[in-house]
Each structure stands twice: as structure tokens, then as C-alpha cells.
Amino acid sequence: MGARLQAVGLEKEYGAAMAVDGVDLDARPGEFVSLLGPSGCGKTTSLRLIAGLERPDAGRITIDGRDVTDVPPQRRGLGMVFQQYALFPNLNAYENIAFALRVRRLPKAEVERRVAELLAVVHLEDAAGRYPHQLSGGMQQRVALARALAAEPPLLLLDEPLSALDAAIRDELRTELRRLQRALELTVIYVTHDQAEAMAISDRIVVMERGKVNQVGSPQELYDRPATRFAAGFIGASNRRLTTVELVAGHPTIRWGDARLPIARNGPLPPGSTVMAAWRPEAATLTDAGNAASALHGRIELITFLGPITRLDVRVPGDDEPVLVDLVSTAAAHLQTGQSVAVSIPPDAIRIYA
Ligand code: ATP
């Protein structure tokens with residue numbers, strides 16, 4: 001069973017820069033929590049603080065209620081895979097993984113069975129006898145992941161553990177990792193800058209920006225209701241513009257290029273205020289140009305077939321960049337570049353940020 005990890009008020013300063021600036025985390029037993037954010041936002045430093053590889057300038061860390069802030073890494077009862085995989089150079093892949101099981105004093109037959117299973121999980125059955133220097137970066141990363149999983153630590157810290165892999169095997173390993181984490185009920189803290197990966201694998205995502213927690217939520221919550229401009233821009237594609245709120249016949253609207261779009265009245269929106277407006281490409285539909293006074297009228301500039309969906313870049317008068325519209329491909333089959341279209345966006349699909 002996984003451990004509960006709590007961190008309160010973590011701070012870490014390097015020189016004059018706050019790498020981690022007041023971070024709180026709370027991962028429930030068996031929960032998969034991702035730290036997501038752009039390069040330099042403090043994800044790795046947060047993870048290193050939890051691991052005990054760095055000492056926080058302020059804040060406390062507890063694991064299952066035990067304060068481990070001053071406890072060395074090896075006595076925190078956690079497993080980790082960091083960006084330098086630190087395999088034992090004198091042990092082959094098999095022995096690297098078996099080491100973690102022997103430490104747990106499992107019987108020999110059990111060790112053999114588990115190593116074979118883990119080698120299969122990371123697709124390295126054929127590389128069992130190779131030493132780290134005979135393995136590619138991606139293979140070393142997979143051995144490190146298998147070794148960490150072998151120990152079945154109640155708390156597993158992973159820093160971009162799939163980053164060195166090709167897309168296809170990355171997706172496969174991501175699924176395997178999630179399956180094992182669920183089966184073993186491990187608590188995982190997972191660092192990634194890849195929002196699609198975080199969405200696919202996590203129970204909850206902690207969005208970080210410049211050393212601070214920006215928003216915490218399930219993948220769906222973050223996608224449907226990004227609380228900040230930053231989260232709206234970082235997670236999924238959005239059409240975003242700085243614009244102004246204006247009342248038209250008592251109804252709030254925003255300017256979009258030369259057009260106006262009605263918005264829902266879901267917050268304080270003083271007329272004349274400058275806001276960031278954002279909507280998802282899939283929220284829009286194409287409507288009959290004739291009866292769509294409040295739609296964006298434009299011309300299709302680009303049609304990108306993406307399999308199940310097709311993305312349109314639509315050029316709208318007065319707007320600096322094209323708006324993106326995602327349609328189910330079957331509904332877009334008849335469209336052609338250069339064609340005039342009217343894009344309708346439901347008022348409550350437009351999110352407004354101060
Ligand atoms: P990445 O995805 O690029 O690893 P990150 O979100 O994990 O980014 P951190 O590695 O935690 O970010 O770094 C946060 C900030 O702290 C960055 O500005 C980085 O330059 C700085 N930093 C990190 N480690 C050190 C260090 N040992 N010495 C000085 N500055 C550091």
C-alpha cells in the first residue's frame with residue numbers, strides 16, 4: 001500500500017533565484033500525482049526536496065505522518081528514478097533489477113520470476129545480460145524504472161522517466177507503469193513537462209509556474225476549468241486573445257478581431273476591462289453563415305487531417321492570428337481551403353481571465 005506524502009511551504013533558493021517558492025503538496029496513498037510545468041518551473045527541485053537530495057530552506061515534508069525533512073534519502077523509504085539513471089555499472093540489466101529484490105530477501109525462484117516479469121514490462125527481455133555501458137540511454141532508463149518498481153516502494157519519485165524513449169514505446173510503457181502502479185497501489189510523484197503525458201497517466205496534476213503551484217486538479221478538471229491564464233495556455237490547445245468586455249444591449253460580449261462574441265455572465269466583468277479570453281478548438285461548430293450574427297466569419301486558411309479530428313485554421317478579419325477549430329473528421333470531409341465559414345462558439349465555452 002502506498003504512503004501519504006505531504007509537503008508544506010517548501011522553499012529552495014539558488015543564488016538570488018527561488019527555484020521552489022512556497023510549494024504545498026498532498027498525495028494520498030496509491031495516488032498518481034504529476035508535477036507539470038515548463039522547463040525551470042521547479043519540478044525537479046521539488047522532487048529532489050521530497051527525495052532528500054536537497055535540503056529545503058523552509059517547509060516540512062512528512063511521509064505517512066512522519067516528519068522526514070531531516071532524514072537522509074536512504075531512510076525515507078522511497079524509490080526514485082532521476083534523470084541520471086545511476087545504474088550499478090558493474091551489474092548487468094538482470095542483476096541491476098534483481099538487486100532490489102535481493103535486498104528485500106525474496107526467495108531465489110521468486111527473484112527470477114519477478115525479474116523476468118519486470119524485464120518484460122520494460123521490453124528488455126533480450127538485453128538482460130548487457131551492462132549499462134552496452135545499453136542506449138532509453139534502455140538504461142527502462143532498467144532504472146524496472147529496478148525502482150522491483151523494490152515496490154510505498155512512495156516512488158519519477159523525474160521524466162520516459163523522456164529518452166521513442167513515441168511508440170513511451171506510450172506503451174506509460175500504460176504499463178500506470179497498470180503496475182494501480183496493481184501495487186504505489187503512491188507516485190511524477191515530473192513531466194509533457195501535458196499530454198500528465199493528462200494520460202495522472203490521478204491529479206499539480207501545475208507549476210515559476211516555483212509556485214498554479215493549479216491542482218484531476219486531468220479533466222484542469223482541461224475543462226483551467227483556473228488561470230497560465231493553466232489555460234499550458235494544457236491542451238486554446239484560442240486565446242487579450243480583449244475587452246463590452247455590454248451590448250445589457251449582455252456582456254468580447255471583441256474578437258472585428259467581430260463580437262457573446263459570453264456567459266459567470267464572474268465580475270466590468271465593461272471596458274481588459275481580459276484574456278480563451279476557448280477550446282473543439283468547442284466551436286460551423287454554422288450556416290446566414291443565421292449566425294454572433295459567429296466569427298472567416299476563411300479557411302489551412303486544413304490539417306489528424307485522424308479522428310480535422311483542425312481548421314480560420315482567418316478572421318481584424319484578428320492577428322487564425323483561430324483553430326477542431327471538427328470530427330467525417331464532418332469536415334467536404335471542406336476546402338479558401339472557403340468562407342461561420343464559426344460559432346457557445347458563450348459558456350469562452351473562459352475569461354482577468
Ligand atoms: P526542467 O524540466 O528543465 O528540469 P524544472 O521545472 O525541473 O525544469 P528545476 O530543475 O527544478 O526546474 O529548476 C528550477 C530553477 O532552479 C531553474 O531556474 C534552475 O536553473 C534553478 N536550479 C536548479 N538546480 C540548481 C542548482 N543546483 N544550482 C543553481 N540553480 C539551480
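Two strands are said to pair if DSSP finds at least two bridges between them. The model described here is a predicted one.

The assignment of domains divides the protein chain into domain 1, residues 5–233, and domain 2, residues 239–353. Their C-alpha centres are 39 Å apart. To the contact between them, domain 1 contributes 10 residues and domain 2 contributes seven residues.

The description may begin with the sheet that contains strand S1. This sheet is open, has four strands in the order S2-S1-S4-S5, and shows antiparallel pairing. Strand S2 (17–27) and strand S5 (66–67) are its edge strands, each of them pairing on one side only. Helix H1, residues 43–51, packs on the sheet and touches S1, S2 and S4. The direction of helix H1 makes about 60 degrees with that of S2.

Within this sheet, strand S1 (residues 5–14) is joined to strand S4 (residues 58–63) by five bridges in the antiparallel sense. Gln6 stands opposite Thr62 of S4, while Val8 has Arg60 of S4 as its bridge partner. On the S5 side, S4 and S5 run antiparallel and are joined by two bridges. Here Thr62 faces Asp67 in S5. The hairpin of S4 and S5 has two residues between the strands, and in it Asp64 adopts a positive phi near 50 degrees.

A second open sheet consists of five strands in the order S15-S19-S16-S17-S18, again with antiparallel pairing. Strand S15 (285–287) and strand S18 (323–328) stand at the edges; each has a single partner strand, so one side of each is left without a neighbour in the sheet. On average, and with direction ignored, neighbouring strands of this sheet are turned by 55 degrees against each other. The pairing of strand S17 (residues 309–315) with S18 is antiparallel and extends over six bridges. One of the residue pairs is Asp313, which stands opposite Leu324 in S18.

Attention may now turn to the largest pocket. The space in this pocket amounts to about 480 Å³. Its lining is made up of 20 residues, and Gly79, Met80, Phe88, Arg147 and Ala148 lie nearest its centre. Strand S6 (78–81), helix H2 (93–103) and helix H4 (137–150) are the elements that give two or more residues to this lining. Of the elements, S6 gives the most, with four residues.

A last point of interest is Arg174, which lies in helix H5, residues 167–184. Which residues does Arg174 contact, leaving aside its neighbours within four places in sequence? They are Leu162, Ala196, Glu197, Ala200 and Ile201. Gly22, by comparison, is 152 residues from Arg174 along the chain, and the C-alpha atoms of the two are separated by 30 Å.

Note on methods: Residues numbered from 1 in each chain as written. Predicted model: local features only at pLDDT ≥ 70, side-chain atom pairs only at ≥ 80, totals over all residues. Heavy atoms only, no water. Contact = heavy atoms within 4.5 Å. Axes fitted to C-alpha atoms, helices over the stretch in contact; angles between N-to-C directions. 1 Å grid on protein atoms, 1.4 Å probe; cavity = no way out; pocket = protein on both sides within 12 Å on 5 of 7 lines; lining within 4 Å. Points joined across faces, edges and corners; volume = space filled by probe spheres on them. Domains from an automatic or database assignment.
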